[in-house]
Amino acid sequence: MTPIKVFLSHQQADTSIAAMIAQRLRSYHQIDVYLDVIDSNMWRGGLDLADYIREQLEQCTQLLAVISERTKASQWVPWEIGVATEKERPLASFVERPAIVPEFLAKWPYLQTVDDIDKYAQTSKRARATFDSLSRTITASTARRTAFREFHTGLKSALGQR
């Protein structure tokens, strides 16, 4: 199976939440995570930083965004979500209470607990297996779209969301 790598998008003030999610995905589910706070190349600024982040997103198979009350101050989280959407990466959010899911993210699945992170990991693995299987018989772009839909509908169902 092709490895899963999650781009963990978050506001700097939410680093502890992002680190907890990364640890859970790595330790319990053997899913690789890109987390910028452990990336020594994040010193870049402006357009160089945007290009660098785009490169990192290209190497990831999906994006998980941490949403909190502090996310409103972030310019990067919405931008990273937009780039991941453009690249047709499976997308979900981890919403820390009391924050609510922003309207522009309401159509995607959202996580709120450690149990939800586990459901995310399981659904990610199933969608990746679907992609791997389909990409042997149909075009990669069609396989990616099918796995993308399977991920979102499967995760929303597992989380009891419509």
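This is a predicted model: local features need pLDDT of at least 70, side-chain atom pairs count only at pLDDT 80 or more; totals for chains, interfaces and linings use all residues.

Q: In what pattern do they follow along the sequence?
A: The pattern reads β-α-β-α-β-α-β-β-α-α.

Q: What is the radius of gyration, and what would a compact globule have?
A: The chain has a radius of gyration of 15 Å. A compact globule with 162 residues would have a value near 15 Å, so the two agree.

Q: What does the C-alpha trace span along its principal axes?
A: The C-alpha trace spans about 40 × 35 × 30 Å.

Q: Which share of the contacts joins residues at least 24 apart in sequence?
A: Among contacts between residues at least 6 apart in sequence, 72% join residues at least 24 apart.

Q: How many charges are there, and how far apart are their mean positions?
A: There are 21 positive and 19 negative charges in the chain. The mean position of the positive charges and that of the negative charges are 6 Å apart.

Q: Now the backbone. Which residues does a cis peptide bond join?
A: Arginine 97 and proline 98 are joined by a cis peptide bond, with omega at about 15 degrees. Most peptide bonds are trans.

Q: Where is proline 98?
A: Proline 98 lies in the loop between strand E4 (91-95) and strand E5 (110-111).

Q: What is phi of glutamine 30, and where is that residue found?
A: Glutamine 30 has a positive phi, near 55 degrees, and is not a glycine. Most residues other than glycine have a negative phi. Glutamine 30 is found in the loop between helix H1 (15-29) and strand E2 (32-34).

Q: Why does glutamine 30 count as exposed?
A: Glutamine 30 counts as exposed because its relative accessibility is 62%, and exposed means over 50%.

Q: What about glutamate 88: what is its phi, and where is its place?
A: Glutamate 88, also not a glycine, has a positive phi of about 55 degrees. Its place is in the loop between helix H3 (76-86) and E4. At 27% relative accessibility, glutamate 88 counts as partly exposed.

Definitions and conventions:
Residues are numbered from 1 along each chain as its sequence is written. Side-chain values use heavy atoms; hydrogens and water are left out. Helices (H or I, at least four residues) and strands (E, at least two) are DSSP runs, numbered from the N terminus. The radius of gyration is taken over C-alpha atoms; the globule rule is 2.2 Å times the number of residues to the power 0.38. Contact means heavy atoms within 4.5 Å. Lys and Arg count as positive and Asp and Glu as negative; His and the chain ends are not counted. The place of a charge is taken as NZ of Lys, CZ of Arg, CG of Asp or CD of Glu. Buried means under 20% relative accessible area, exposed over 50%, partly exposed in between (1.4 Å probe, protein chains only).
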